[in-house]
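Please look over the model below before reading on. My comments follow as numbered points.

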Amino acid sequence: VALADALRVNTTLSHLILGSNNIDDEGAVALAEALKVNMTLKTLKLDACNIGVEGAVALVRALSVNSTLTDLSMHNIGVGDVSEVAVALADVLPNNTSLTHLNFSNNQISSSSAIALMSALKVNTTLTWFDLHACRLDDAAGLALVDALTVNKTLFQVFFYANSIHLSTQQAIDTLLREPDRIAMRDAAAAAWSDTKPAMDLPCELPPAADSGEGDSLAKRSREEGEDQA
């Protein structure tokens with residue numbers, strides 16, 4: 001809470017990493033209120049911070065006001081089913097014009113909330129990097145992502161492995177992510193990061209080069225998981 005109070009008036013801090021801290025709902029709500037007025041923070045990482053649904057939703061809702069945050073990581077926020085948070089993201093993303101990197105991996109969300117999230121991607125035009133791996137998503141969510149990627153042309157990196165989707169769906173996702181324009185955007189992002197190499201500006205990980213075989217790797221993992229489930 002004290003940190004949130006400081007963020008309200010701070011005009012220099014651009015990166016804040018709070019992973020593996022017990023922030024809870026009260027702290028998250030305080031941070032959300034600070035985000036509504038802070039105009040300098042670009043990166044906020046809240047992985048494994050034991051945030052409740054109320055706090056996580058408040059943080060997401062703050063994105064409808066904040067116009068400077070570009071990188072938000074909420075990997076494994078640690079509250080069980082977070083479908084309500086995914087729905088909040090679906091409400092906010094269509095109008096958010098600053099967020100480019102979003103990590104929401106290793107969170108349990110329902111298929112319907114994931115589908116709502118994919119629908120939001122059809123409208124959003126700034127998000128380029130999205131991690132949804134290990135979110136217990138089914139094939140319906142995967143097909144919704146395929147549908148979204150046929151419309152959204154700014155997303156160039158999506159992580160969707162370790163979910164329960166069919167191999168054909170994963171292959172369709174990989175094919176869309178290997179479109180020439182997306183590969184060019186990935187290469188440009190990698191080159192830009194390589195030129196500057198600001199350690200704290202690394203979104204969540206360096207986007208793989210076009211010839212990294214990331215898509216094939218994701219398809220292989222999905223295939224192996226499907227065989228295990230069979």
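This is a predicted model: local features need pLDDT of at least 70, side-chain atom pairs count only at pLDDT 80 or more; totals for chains, interfaces and linings use all residues.

1. The protein chain holds 9 helices and 6 strands. Of its 230 residues, 48% are buried. Take the contacts with a separation of 6 or more: residues 24 or more positions apart account for 84% of them.

2. **The sheet.** The 6 strands form an open sheet. Their order is S1-S2-S3-S4-S5-S6, and the pairing is parallel. In general, strands of a sheet pair through backbone hydrogen bonds, either parallel or antiparallel. Which strands stand at the edges? They are S1 (15-17) and S6. Each has a single partner strand, so one side of each lacks a neighbour in the sheet. From one strand to the next, the twist averages 0°.

3. **The S5/S6 pairing.** S5 and S6 run parallel and pair over 3 bridges. Asp131 stands opposite Phe159 in S6. Phe159 returns in the next point, with another partner.

4. **The aromatic pair.** How many aromatic pairs are there? The count comes to 1. The partners are Trp129 and Phe159, with ring centres 5.3 Å apart. Their planes stand at 55°, and the pair counts as tilted. Trp129 lies in strand S5 (residues 129-131), while Phe159 lies in strand S6 (residues 157-159). The pair therefore ties together parts that are 30 residues apart in sequence.

5. **Burial of that pair.** Trp129 has 1% relative accessibility, so Trp129 counts as buried. Phe159 is at 3% and therefore counts as buried too.

6. **Helices H5 and H6: geometry.** Two packed helices are described by the angle between their axes and the distance between the axes. H5 covers residues 111-121 and H6 covers residues 139-151. Their axes come within 8 Å and cross at roughly 5°. That crossing makes H5 roughly parallel to H6.

7. **Helices H5 and H6: contact residues.** What does each helix bring to the contact? H5 brings Ser111, Ala114, Ile115, Met118 and Leu121. H6 meets them with Ala140, Ala141, Ala144, Leu145 and Ala148. By class, the contact of H5 with H6 has 9 nonpolar residues, 1 polar and no charged.

Definitions and conventions:
Residues are numbered from 1 along each chain as its sequence is written. Side-chain values use heavy atoms; hydrogens and water are left out. Axes are lines fitted to C-alpha atoms, for helices over the stretch in contact, and angles run from 0 to 180 degrees between N-to-C directions. Helices (H or I, at least four residues) and strands (E, at least two) are DSSP runs, numbered from the N terminus. Angles under 35 degrees count as roughly parallel, over 145 as roughly antiparallel, 65 to 115 as roughly perpendicular and the rest as oblique. Contact means heavy atoms within 4.5 Å. Ala, Val, Leu, Ile, Met, Phe, Trp, Tyr, Cys and Pro count as nonpolar, Asp, Glu, Lys and Arg as charged, and the others, Gly among them, as polar. Rings of Phe, Tyr and Trp (its six-membered ring) pair if their centres lie within 6.5 Å; planes under 30 degrees apart count as stacked, over 60 as edge-to-face and the rest as tilted. Buried means under 20% relative accessible area, exposed over 50%, partly exposed in between (1.4 Å probe, protein chains only). Two strands pair if DSSP finds at least two bridges between them.
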